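This report describes the fold, the surface and the model confidence of a single protein chain, and then turns to selected residues. Please consult the sequence and the structure shown here while reading.

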Amino acid sequence: MSAVSQHIPTTITTERLVLRTFTPDDADDRYAYQSLPEVARYLYRPPLTREACAESIALRAGGTSWKADGDVLLLAVCRADEPGVMGEVVLTLSSAAARQAEIGWIFNPQYAGHGYASEAARALLSLAFDQLRAHRVFARLDVLNTGSVRVCERLGMRREAHLVDNDLDGERWGSEYIYAILAHEWKGGTPAGAREN
């Protein structure tokens with residue numbers, strides 16, 4: 001993943017979804033799910049304030065670089081047929097030298113059970129492997145987060161590790177799974193009908 005000579009799309013469309021960069025107008029929609037204790041419990045941090053949601057949107061308003069460890073691509077997930085943000089997907093460059101990226105997703109629970117997280121994450125994996133030349137993409141998730149476990153398995157990711165009591169969430173010790181998939185395992189994994197702008 002050398003310096004960004006490639007174009008990183010600011011919009012990705014799938015059959016039902018539009019993944020795009022956040023705008024300041026999205027702060028309330030983002031706060032609606034980022035402020036929920038049931039969402040934050042799997043993130044090992046307290047719920048976000050509206051101000052924190054707006055600040056992180058503003059931080060990425062200038063665009064996304066993809067060349068140094070820690071660079072982040074954060075995209076709002078919207079239904080193609082209605083306004084509003086229902087969640088987000090994120091890709092973090094964890095090692096530029098080893099072409100490793102971490103994928104994650106957070107959705108408003110009111111949209112659970114419709115396959116939106118899998119569809120959005122599949123589109124982001126396609127971007128990671130097909131355009132950003134990732135060698136390996138991994139996800140870290142709380143073992144109690146059964147919804148995200150199912151998303152990883154639908155994407156064809158392999159469970160590589162079970163970290164026991166590896167993080168402290170307030171007074172609760174949390175355990176994590178690490179799922180991953182390699183570029184050569186993803187070949188042909190681009191969803192039919194997905195296209196990038």
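Among contacts in the chain between residues at least 6 apart in sequence, 63% join residues at least 24 apart; a contact means heavy atoms within 4.5 Å. The structure is a predicted model, in which local features need a pLDDT of at least 70, side-chain atom pairs count only at pLDDT 80 or more, and totals for chains, interfaces and linings use all residues. Residues are numbered from 1 along each chain as its sequence is written, and side-chain values use heavy atoms, with hydrogens and water left out.

**Overall fold**

The chain contains six helices and nine strands; helices (H or I, at least four residues) and strands (E, at least two) are DSSP runs, numbered from the N terminus. The radius of gyration is 16 Å, close to the 16 Å given by the globule rule for 197 residues, so the chain is as compact as a globular protein of that length. That radius is taken over C-alpha atoms, and the rule is 2.2 Å times the number of residues to the power 0.38. The C-alpha trace spans about 45 × 40 × 30 Å along its principal axes.

**Burial, surface and charge**

Of the 197 residues, 43% count as buried, where buried means under 20% relative accessible area, exposed over 50%, and partly exposed in between (1.4 Å probe, protein chains only). The chain exposes about 9,600 Å², of which carbon and sulfur atoms supply 51%. These areas come from the Shrake-Rupley method with a 1.4 Å probe. The mean positions of the 21 positive and 26 negative charges are 6 Å apart; Lys and Arg count as positive and Asp and Glu as negative, while His and the chain ends are not counted.

**Confidence**

The average pLDDT is 89, and 91% of the residues score at least 70; pLDDT is the predictor's confidence in each residue, from 0 to 100.

| Segment | pLDDT | Contacts beyond four places in sequence |
|---|---|---|
| Residues 1–6 | under 50 | 19 contacts |
| Residues 190–197 | under 50 | 17 contacts |

**Selected residues**

Asp 26 lies in the loop between strand E2 (17–20) and helix H1 (27–34). With a relative accessibility of 5%, Asp 26 counts as buried. Beyond its neighbours within four places in sequence, Asp 26 is in contact with Arg 20, Thr 21, Ile 57 and Val 85.

Arg 122 belongs to helix H4 (residues 116–130) and, at 23% relative accessibility, counts as partly exposed. The C-alpha atoms of Arg 122 and Asn 166, which are 44 residues apart along the chain, are separated by 28 Å.

Methods. The place of a charge is taken as NZ of Lys, CZ of Arg, CG of Asp or CD of Glu.
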